[in-house]
Amino acid sequence: MAESCAWLLALSTVFLCNLFKTLLPSFSSIVSRFLQEDAEQESQMRAEIQKMRHELASISMMDEFARYARLERKINKITDKLKTHVKARTGQLAKIKWVISIVFYVVQAAVMISLIWKYYSDPVTLLPSKWIAPLERLVAFPTGIAGGVGITCWLVVCNKVVAIMLYPIS
């Protein structure tokens with residue numbers, strides 16, 4: 001029974017991997033939100049800058065030049081600090097997304113290699129030889145059984161079909 005369900009196991013594994021790959025950007029964003037607390041501090045800085053700009057607009061530059069210049073320097077200083085924070089947070093976010101992607105692809109490769117290892121010598125399914133006549137040896141790889149569909153060919157075909165099916169979601 002377990003051997004006859006190899007095709008289903010491979011198909012469901014490929015489907016889940018592709019589905020997770022499609023959802024990977026949103027998953028990375030969710031994880032990065034939990035790991036970052038600077039966003040609130042940045043919104044406070046933005047609010048403070050807006051408040052100061054509003055105050056700056058109410059000051060006459062001609063009448064109160066010193067106060068106007070001090071406030072303008074303060075706005076520039078906080079703006080530069082905000083840019084530094086945003087740049088650091090963006091770099092951290094990119095690093096988090098990169099690590100999550102690498103981990104996903106390593107796990108996916110390990111799962112695919114384990115499937116190939118487990119079903120190396122068994123055909124996933126048997127087809128009449130004339131259906132796949134010109135490509136029979138390639139399709140049967142690595143089993144070598146005439147009319148058999150090897151796990152590697154099955155994984156490639158499943159991966160392409162599932163990617164096409166999930167295209168509208170991405």
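**View 1. The largest nonpolar core.** Val-14, Met-112, Ile-151, Trp-154 and Leu-155 touch the most other members among the 17 residues of the largest nonpolar core. Such a core is a set of buried Ala, Val, Leu, Ile, Met, Phe, Trp, Tyr and Cys residues joined through side-chain atoms within 4.5 Å. At least two residues of this core come from each of helix 1 (6-35), helix 3 and helix 5 (151-166). Helix 5 contributes the most, with 6 residues. Helices are DSSP runs of H or I with at least four residues, numbered from the N terminus.

The model shown is predicted: local features need pLDDT of at least 70, side-chain atom pairs count only at pLDDT 80 or more, and totals for chains, interfaces and linings use all residues. Residues are numbered from 1 along each chain as its sequence is written, and side-chain values use heavy atoms, with hydrogens and water left out.

**View 2. The salt bridge between Arg-89 and Glu-42.** The side chains of Arg-89 and Glu-42 form a salt bridge with an N to O distance of 3.0 Å. A salt bridge is a side-chain nitrogen of Lys or Arg within 4 Å of a carboxyl oxygen of Asp or Glu; by this rule the count is 3. Because Arg-89 belongs to helix 3 and Glu-42 to helix 2 (residues 38-58), the pair ties together parts that are 47 residues apart in sequence. Glu-42 is buried, at a relative accessible area of 1%, whereas Arg-89 is partly exposed, at 22%. Buried means under 20% relative accessible area, exposed over 50%, and partly exposed in between (1.4 Å probe, protein chains only).

**View 3. A network of salt bridges.** Glu-55, Glu-64 and Arg-67 are linked in a network of salt bridges. The closest N and O atoms of Arg-67 and Glu-64 are 3.0 Å apart, and those of Glu-55 and Arg-67 are 3.4 Å apart. The latter pair links Glu-55 in helix 2 with Arg-67 in helix 3, 12 residues apart. Glu-55 is partly exposed, with a relative accessible area of 31%; Glu-64 is partly exposed at 34%, and Arg-67 at 36%.

**View 4. A patch of positive charge.** Lys-51, Lys-74, Lys-77 and Lys-81 gather in a positive patch on the surface. Patches are made of residues with over 30% relative accessible area and no salt bridge, like charges being joined within 9 Å. The place of a Lys charge is taken as NZ. Helix 3 (residues 65-118) provides the largest share of the patch, 3 residues. Lys-77 lies in helix 3 and is exposed, with a relative accessible area of 64%.

Methods
Patch = residues over 30% accessible without salt bridge, like charges linked within 9 Å, V, L, I, M, F, W, Y side chains within 5 Å. Areas by Shrake-Rupley, 256 points an atom, 1.4 Å probe, with all protein chains shown as cover. Lys, Arg positive; Asp, Glu negative; His and termini not counted.
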